[in-house]
Amino acid sequence: MDDAVAGVIRRMEDGLARLAPTDARRHFHGTYLRTTHAVAAEIERGGFLDAAWLNRWDVAFAELYLDALDADLAGEEVSRPWRIAFDTARERPGLPALRHVLLGMNAHINYDLPQSLIAVIGPAEFDDGELRAARERDHTHVDTVLLARVGAEEVEGRAAARPSLLDRVLAPANRAATRRLLTEARAKVWRNTAVLDAARRQGRESYDTRIRQLEDASAAKLATLTAPGQVLLRLARTGFGVVIPGA
C-alpha cells in the first residue's frame with residue numbers, strides 16, 4: 001500500500017476512535033474507511049490505469065473530508081454541505097444509518113470530489129486528450145469498487161439498524177437505485193471538474209465564484225435528504241448529483 005494512502009487510513013482510524021459509539025457521524029466514517037481499504041486493494045491489484053495518480057487522488061479526496069471532520073470536532077466553520085451532514089448527525093442520530101451514510105456521501109461526492117480532481121489534474125493534463133481520457137476512465141472505475149461494496153454495506157447496516165419490514169422489502173430497489181445514482185453523480189462530477197478547470201484559468205475570482213455555486217447546489221441537494229420518506233427511491237427520481245449552474 002502507498003505510504004500516503006496508509007497515512008490517510010491511519011488518520012481515518014484515529015478519527016473513528018474520536019467519535020463516541022452513539023455518534024451518528026460514525027455511519028459515514030466507517031463506510032468511508034472500509035471503502036478506502038477497498039480502493040487501496042484495487043490499486044494494489046492493478047485495476048487502475050495509473051496507480052500513482054490514483055494514490056494521489058485518493059489522498060487529496062480523503063483529506064477534504066478529514067479536514068472538515070477535524071474542523072467540526074474543534075467547533076470550527078465547515079462548508080454548508082458538511083454543516084448539514086454533521087448537524088443532522090448531531091440533531092437526529094436516530095435516523096436510519098443509511099440516511100447518514102447518504103448525507104456524507106452526497107457532501108463528499110458532490111462538493112469535495114470535483115475539488116480533489118482539480119487538485120491532481122493540472123490544466124496541461126486537461127488539454128492532453130489522451131491523458132484526460134485516461135483520468136476519466138480511472139475516475140469512473142472507482143464506481144466498480146463502490147458498487148462491489150453496496151451489498152456488504154447493506155448487510156452491515158441491517159446488523160446495526162434493525163431495518164423495518166418496508167426497508168427489507170425495498171432493499172433490492174435500493175441497491176438498484178444506488179447503482180444508478182453513483183453512475184449519474186460521477187458523470188456530473190466530471191462535468192463540474194471541467195467547469196472548475198475552465199474557471200481556474202480565468203483567475204481566482206472566477207474559480208471562487210464557481211466553488212460558491214457548487215457549494216450552494218450541493219447544500220440544496222443535502223437539504224432534500226433530510227426530509228422524511230424513502231430517500232433512495234426519491235433520489236432515483238431526482239438524481240444524486242448536482243451541476244454548477246450557468247456553466
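# Briefing: helix packing in a predicted model

S79 lies in the loop between helices α3 and α4. This is a predicted model, in which local features need pLDDT of at least 70, side-chain atom pairs count only at pLDDT 80 or more, and totals for chains, interfaces and linings use all residues. Residues are numbered from 1 along each chain as its sequence is written, and side-chain values use heavy atoms, with hydrogens and water left out. The protein has ten helices and zero strands; helices (H or I, at least four residues) and strands (E, at least two) are DSSP runs, numbered from the N terminus.

**The protein overall**

- Along the sequence, the pattern reads α-α-α-α-α-α-α-α-α-α.
- The protein has 247 residues, and 49% of them count as buried. Buried means under 20% relative accessible area, exposed means over 50%, and partly exposed is in between (1.4 Å probe, protein chains only).
- Among contacts between residues at least 6 apart in sequence, 77% join residues at least 24 apart. Contact means heavy atoms within 4.5 Å.

- S79 has a relative accessible area of 16%, so S79 counts as buried.
- Apart from neighbours within four places in sequence, S79 is in contact with Y111 and E215.

**Helices α3 and α4**

- Two packed helices are described by the angle between their axes and the distance between the axes.
- Helix α3 covers residues 51-73 and helix α4 covers residues 80-91; the two pack at an angle of about 55 degrees, with axes 11 Å apart. Axes are lines fitted to C-alpha atoms, for helices over the stretch in contact, and angles run from 0 to 180 degrees between N-to-C directions.
- α3 and α4 are therefore oblique to each other. Angles under 35 degrees count as roughly parallel, over 145 as roughly antiparallel, 65 to 115 as roughly perpendicular, and the rest as oblique.
- The crossing of α3 past α4 is right-handed. A crossing is left-handed if the near helix is turned anticlockwise from the far one by less than a right angle, and right-handed if clockwise.
- On the α3 side the meeting residues are Y65, A68, L69 and D72, and on the α4 side they are W82, R83, F86 and R90.
- By class, the residues of this contact between α3 and α4 are five nonpolar, no polar and three charged. Ala, Val, Leu, Ile, Met, Phe, Trp, Tyr, Cys and Pro count as nonpolar, Asp, Glu, Lys and Arg as charged, and the others, Gly among them, as polar.

**Helices α1 and α3**

- Helix α1 (residues 3-18) and α3 have axes that come within 10 Å and cross at roughly 25 degrees.
- α1 is therefore roughly parallel to α3.
- α1 and α3 cross in a left-handed way.
- From α1, the contact uses A4, V5, V8, R11, M12 and R18; from α3, the contact uses N55, D58, V59, A62, E63, L66, D67, D70 and L73.
- The contact of α1 with α3 has eight nonpolar, one polar and six charged residues.
- V59 is a residue of helix α3, and V59 is buried because its relative accessible area is 12%.
- Not counting residues up to four places away in sequence, V59 touches A4, V5 and V8.
- V59 and S116 are 57 residues apart along the chain, and their C-alpha atoms are separated by 8.8 Å.

**Helices α4 and α9**

- The axes of α4 and helix α9 (residues 204-225) come within 8 Å and cross at roughly 20 degrees.
- α4 is therefore roughly parallel to α9.
- R80, P81, I84 and A85 of α4 meet E215, D216, S218, A219, L222 and A223 of α9.
- Six nonpolar, one polar and three charged residues make up the contact of α4 with α9.

- G104 sits in helix α5 (residues 97-120), and G104 is buried, with a relative accessible area of 2%.
- Leaving aside neighbours within four places in sequence, G104 is in contact with F28, W82 and A85.
- G104 and A89 are 15 residues apart in sequence, and 9.7 Å apart in space from C-alpha to C-alpha.
- R191 belongs to helix α8 (residues 165-202), and R191 is partly exposed, with a relative accessible area of 34%.
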